[in-house]
Amino acid sequence: MNQELIKDAVMDMLLELSNIGTGNAATSLSRMFGNEAVGIEVPTSLLCPISKFAELLPNPEEEIVGTLRMIEGDVGAIAFIQSLHDALVMAGRLLDKHLQGLDELSRSAIDETSNIMTASFVNALADISDMQLVPAVAGMAIGPSAAVLNSILVESGTVSDQVIVVESVFLLEQYRATGHIVFLPESTFLDILIDKFRLE
Amino acid sequence: MEHLVGLGEYAIVKELGIIKTLGLGSCVGVALYDSINRVAGLSHIFLASANGREKHENPGKYADLALPLLYKQMLQQGAHPRTLYAKIAGGGQLFSGMEGPLLNVGEQNVLAVQTKLKELGVKVSGQDVGGNKGRSMSIDVATGLVIVNKAGEITTL
Amino acid sequence: MAKNVLIVDDTAFMRMMLKKILSQNGFNVVGEAGNGIEAIELYQELEPDIVTMDITMPKMDGITAITKIREQDPNALIIVCSAMGQKQMVIQALSSGAKDFIVKPFEEERVIEALGKALEG
């Protein structure tokens with residue numbers, strides 16, 4: 001069998017999976033936001049070559065927040081990124097107050113949103129791969145988009161030439177916020193999926 | 001004329017123009033310049049070493065492969081080893097709160113770049129490295145002036 | 001009499017939310033810990049009736065903390081609150097001695113019900 005084709009098939013499966021994962025995230029987020037209805041539009045998933053990753057967001061110098069979690073066991077890493085603006089809007093809705101910049105509480109609200117979003121993806125992945133996938137403690141970075149994105153690549157230690165990006169649009173009351181989940185798989189994990197896939 | 005260099009890329013420009021790179025988080029931007037012969041090069045280094053993955057990888061990403069390549073091509077374009085020097089920026093640690101072996105990868109990248117430049121006999125005449133802010137860097141080919149933008153704070157090297 | 005709760009979570013926001021829910025439902029939040037090591041220290045110091053425990057935390061994770069707390073006090077009542085709701089994680093948590101596993105983000109009623117059930121024993 002053609003190795004390249006199999007790898008594509010695994011990537012396709014992961015893209016499919018990201019739809020399921022984000023669907024779960026929608027339910028979770030609604031609960032977290034309590035009174036406010038939060039919807040998530042059907043997400044768009046894509047494979048992004050790492051050479052283009054820094055250009056993911058339209059303005060490479062815009063301030064963004066990135067959180068990065070390594071997944072234990074050489075599985076890879078998972079990140080969640082948002083413009084600082086949208087992250088603060090969502091944190092403000094969660095904390096029910098006007099925020100002026102970042103303090104410990106608003107940072108942790110942003111962290112928790114990223115936790116829910118990435119956990120939904122990872123849990124869906126764990127189901128499909130029948131493995132236990134444990135994300136480690138998150139690191140957070142705030143800075144110009146291109147720098148944060150490139151740092152995600154470097155600090156995750158990824159050697160993969162492609163990453164999976166799931167763009168999610170959050171429908172808040174009177175505002176649409178955007179966020180991206182990024183899954184950076186290790187080749188060893190892809191090999192495991194290839195094996196399982198073949199068995200099916 | 002502005003030439004944009006992305007992660008793992010490099011560019012060499014003679015006489016006139018600006019070479020720029022964005023997104024220097026833990027990455028290191030390396031500018032090489034020969035003021036007499038007016039040749040400038042800029043490289044965006046991703047990691048210290050390819051660690052045996054050379055065959056499948058873009059050499060421009062790694063300090064140990066990219067810098068010798070950049071150096072050689074600068075000389076081919078008319079730069080002279082005696083009048084060539086380097087300025088570097090980046091190698092920050094943007095992510096706080098992480099635990100594990102990849103802590104300080106920015107610092108490791110800076111060290112790898114400095115070591116390789118020393119091996120090549122190129123003196124580093126200016127640097128803006130470390131910290132936890134992202135940077136962009138440009139070099140003006142006409143003058144060799146390097147401008148570093150660190151989250152709004154401008155430094156010249 | 002109001003029961004004393006120790007909240008353990010590395011996110012300030014989550015501790016705040018839990019404190020609000022628990023206080024509004026008749027519980028007395030006596031302490032907050034941000035990692036497993038603080039959890040063990042505060043447990044010994046405050047001797048709460050029940051503990052809510054996150055799993056993913058710096059310095060020491062929740063599962064390890066649960067094991068260590070129960071080594072010192074086999075009657076410790078601990079409820080896990082985590083986003084990592086995978087089957088194997090739940091089994092691991094319960095095997096280490098947690099009384100229940102609540103998946104984040106949770107519904108208020110679920111939290112109160114879980115704590116109530118555990119305290120009744």
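**Before starting**

I am working from a predicted model, so I treat everything below as read off that model.

**Entry 1: where A meets B**

I looked up the contact between chains A and B. Chain A puts in 24 residues and chain B puts in 25 residues. Next I asked which elements of chain A supply at least two residues each to its side. I got β3 (63-71), β5 (139-144) and α5 (145-156) of chain A. Of these, α5(A) gives the largest share of that side, with eight residues. I also sorted the chain A side by class and found 16 nonpolar, six polar and two charged residues.

**Entry 2: the sheet in chain B**

I traced an open sheet of five strands in chain B, and its order reads β1-β3-β8-β9-β10. The pairing is mixed. At the edges I have β1 (2-5) and β10 (153-156) of chain B, each of which pairs on one side only.

Then I went through one pair. β1(B) runs parallel to β3 (residues 18-24) of chain B, with four bridges between them. Which residue of β3(B) stands opposite B:Val5? I found B:Thr21 there.

Back to the helix from Entry 1. α5(A) packs on this chain B sheet, where it touches β3 and β8 (135-140) of chain B. I noted an angle of about 60° between the direction of α5(A) and that of β3(B).

I moved on to chain C and found an open sheet of five strands, ordered β2-β1-β3-β4-β5. Here the pairing is parallel. Its edge strands are β2 (28-33) and β5 (100-103) of chain C, and each pairs on one side only. From one strand to the next, I get an average twist of 20°.

How many bridges join β1 (residues 4-8) of chain C to β2(C)? I counted five, with the two strands running parallel. Within this pair, C:Val5 stands opposite C:Val29 of β2(C).

**Entry 3: helices on the chain C sheet**

α2 (residues 36-46) of chain C lies across β1, β2 and β3 (50-53) of chain C, and runs at about 145° to β2(C). α5 (residues 108-120) of chain C lies across β3, β4 (78-82) and β5 of chain C. I put the angle of α5(C) to β5(C) at about 175°.

Methods. Residues numbered from 1 in each chain as written. Chains lettered and ligands numbered in written order. Predicted model: local features only at pLDDT ≥ 70, side-chain atom pairs only at ≥ 80, totals over all residues. Contact = placed C-beta atoms within 7 Å. Nonpolar A, V, L, I, M, F, W, Y, C, P; charged D, E, K, R; others polar. Pairing = 2+ DSSP bridges. Axes fitted to C-alpha atoms, helices over the stretch in contact; angles between N-to-C directions.
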